[in-house]
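Colleague: I would like a close look at a single part of this model, with the terms spelled out as you go.
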Amino acid sequence: MQRKMSAASSKPQTSAESFCRRSRAPPRRTERPTLRNLNPIFRKREPSEDNTILTEKLLKLARLRGELNLSSRALATVPEKVYEINEPDESVEVTLDGLVAKEEDAWWNQVPIRNLDLSSNQLTHLSPKIEKLNTLNALMLHDNALTSLPREIAQLERLLRLNLSHNKLCELPHELFRLPNLRYLNLSHNEFVELHPDISDLHMLEVLDVSNNQLKSLPRGVGFLVRLTTLSLAHNKIRELPNDVVDMRSLQKLDLMNNDLLSLPEDMGSLRKLQCLYAQHNDITVLPHFEGCDLQELHVSNNFIERLPKRLCSSSPHLKILDLRDNKIAELPDEIGHLQSLIRLDLSNNSITNLPYSLSTLPHLTSLQVEGNPIKSIQRHILQCGTVRILKTLRDRAESAEISSKSSNSSLLQNFDNRAMGGDGLNSPRRQPVDEDSIFPDRYKMRKTRCLAVTMQQLNDVPGEVFEAAADENVNLVDFSRNRLTTLPLGLLAMKDVATEIIFANNLISYVPPFISQFTRITLINFSCNNLSTLPQEFGVLVTMRELNISNNRFEYLPSCIFELKSLEILLARDNRIKGIDATINGLGSLQRLATLDLRNNDIEQVPPILGNLINITTLDIIGNPFKLPRHQTLEKGTEAIMSYLRDRIPT
């Protein structure tokens with residue numbers, strides 16, 4: 001009986017029986033997680049955890065390289081070992097047997113820490129122990145939560161770069177302004193309401209960025225930062241600039257966009273080296289003339305400007321970008337034709353009804369934006385065709401219209417001011433003092449602008465005294481475009497050692513004298529819109545030339561002397577009679593730096609595939625020629641597609 005019962009007990013249970021037994025079993029007790037067991041994602045880091053971030057491997061690399069990068073480590077505090085990184089590591093035991101093997105660990109091979117990157121963490125403060133890192137050249141603390149800095153930071157006397165952007169700082173310890181070698185200081189995206197006047201004590205500072213704060217003004221004395229090259233004040237609430245801001249004689253870039261400025265200092269021309277000015281989105285109504293600046297970019301869109309000063313056009317020969325979008329300009333002066341270096345002009349959304357013919361004389365203008373203006377002098381469909389069509393329309397109208405001059409060429413020479421040229425000869429009784437509207441700039445103007453520009457005056461010749469005076473004032477740019485010259489004036493030779501840019505566009509020049517080869521510093525020559533069919537062989541010795549414009553002439557081939565210009569980067573030869581392209585190693589193939597080649601509207605019947613070997617070309621324009629290949633569909637895809645097409649057809 002017992003055997004049967006044991007046998008029965010050994011039988012496997014059915015699913016129903018097991019279900020009943022499971023249902024009768026008491027429920028299993030589960031432990032609820034306590035706060036001690038939780039490991040949440042968002043929690044406050046403990047200093048002990050931060051200390052583990054700086055591993056022995058990182059420490060060793062930092063001592064070998066002099067650089068330590070602890071960015072984006074979610075640090076709440078700086079690991080203690082960071083402050084002791086310059087101290088010798090006495091824990092490393094060096095024995096005679098392991099001397100060679102552990103050479104990299106020896107103290108004599110350790111480099112003092114120079115660059116420390118603690119950016120993109122959660123730091124709210126720095127320890128006063130930061131003074132121990134007195135060998136630092138660069139300290140990156142941007143993108144943290146710093147509310148203050150220890151005054152001991154002034155002990156970092158070798159510091160060159162300090163980035164404190166994207167924090168919560170509203171003031172700096174005045175000891176910081178004693179840093180003797182600081183070159184770069186970034187305080188952008190903080191909570192500054194004002195800057196401490198002692199910031200002017202950072203006399204070695206070259207770059208200062210205080211954009212995206214709550215500044216309403218700049219402290220007086222900021223002009224003492226005479227080595228400053230870049231100053232960014234964008235996205236603040238500044239209504240007026242202090243007068244001494246124009247004393248920053250080294251300033252090259254000034255960013256004032258998105259402020260509450262009502263005007264700019266009248267003597268902005270004192271900023272001799274200023275190249276880029278950004279003043280968009282302000283309340284400016286009048287522009288200064290900038291005479292004396294080396295201005296290349298002027299961005300003043302979204303203001304209340306009503307006119308473009310004539311003096312600004314005459315005194316800015318190097319201006320390349322002029323952004324006047326969204327203002328209240330109703331008329332453009334004819335003097336805008338003096339901006340011979342202009343590449344981009346944005347006049348969108350103004351009140352302009354007429355475009356001056358002088359726009360068509362700008363040889364480098366490739367982008368002209370005029371949408372949003374009530375222009376009536378040019379039909380709407382022409383405006384929609386873009387820059388090339390607009391300029392062509394203006395050029396055609398200018399050529400057909402009668403251009404009146406102020407007086408004959410002889411009277412212009414009689415009115416030439418002997419006093420302005422600095423001489424005391426030529427004492428003709430008929431000579432009258434030259435007023436401010438004289439066609440020839442006086443010495444003062446040439447000294448300020450480094451430019452001799454006399455355009456649209458119907459000149460047949462230019463007296464040599466003009467060029468001699470320009471040479472004495474170290475003038476770099478010579479512009480006699482839109483006149484009636486048939487050759488280069490002999491007096492131009494006086495400027496062979498100072499001129500870097502020569503512009504004689506829109507004349508009647510049919511001959512270039514060989515003396516052009518003596519211009520040893522020349523970088524740009526513009527002979528567009530003349531009657532040239534050849535260039536002298538001596539032209540090839542101009543090894544400093546970077547840009548040559550011979551468009552709208554009578555060339556049937558590219559002169560061989562051009563292929564000797566080894567520094568040439570831009571070659572513009574559109575609207576000629578060129579029949580072929582020499583892309584061999586003795587032709588265009590020798591111009592290894594050539595990046596822009598414009599051969600539009602010529603008589604080219606075949607494009608050689610080896611042109612595709614010029615790998616540095618980024619802009620190739622060959623539309624408007626009678627060749628059949630590459631097809632129009634390929635040309636429309638741009639330079640890269642054209643060059644790829646040509647390379648695929650080079651014989652192997």
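Which are the buried residues of helix H13 (residues 639-647)?

Modeller: This is a predicted model, in which local features need pLDDT of at least 70 and side-chain atom pairs count only at pLDDT 80 or more, while totals for chains, interfaces and linings use all residues. Residues are numbered from 1 along each chain as its sequence is written, and side-chain values use heavy atoms, with hydrogens and water left out.

In helix H13, the buried residues are Thr639, Ile642, Met643, Tyr645 and Leu646, where buried means under 20% relative accessible area, with a 1.4 Å probe and protein chains only; helices are DSSP runs (H or I, at least four residues) and strands are DSSP runs (E, at least two), numbered from the N terminus. These residues cover an arc of only 160° around the axis, which puts them on the same side of H13, the arc being that of the directions from the helix axis to the C-beta atoms. An α-helix has 3.6 residues a turn, so residues three or four places apart point the same way.

The buried residues of H13 pack against helix H12 (632-636) and strand S21 (619-621), contact meaning heavy atoms within 4.5 Å. S21 in turn belongs to an open sheet of eight strands with parallel pairing, in the order S14-S15-S16-S17-S18-S19-S20-S21, where two strands pair if DSSP finds at least two bridges between them. S21 and strand S14 (451-453) are the edge strands of this sheet, each pairing on one side only.

Key
Buried means under 20% relative accessible area, exposed over 50%, partly exposed in between (1.4 Å probe, protein chains only).
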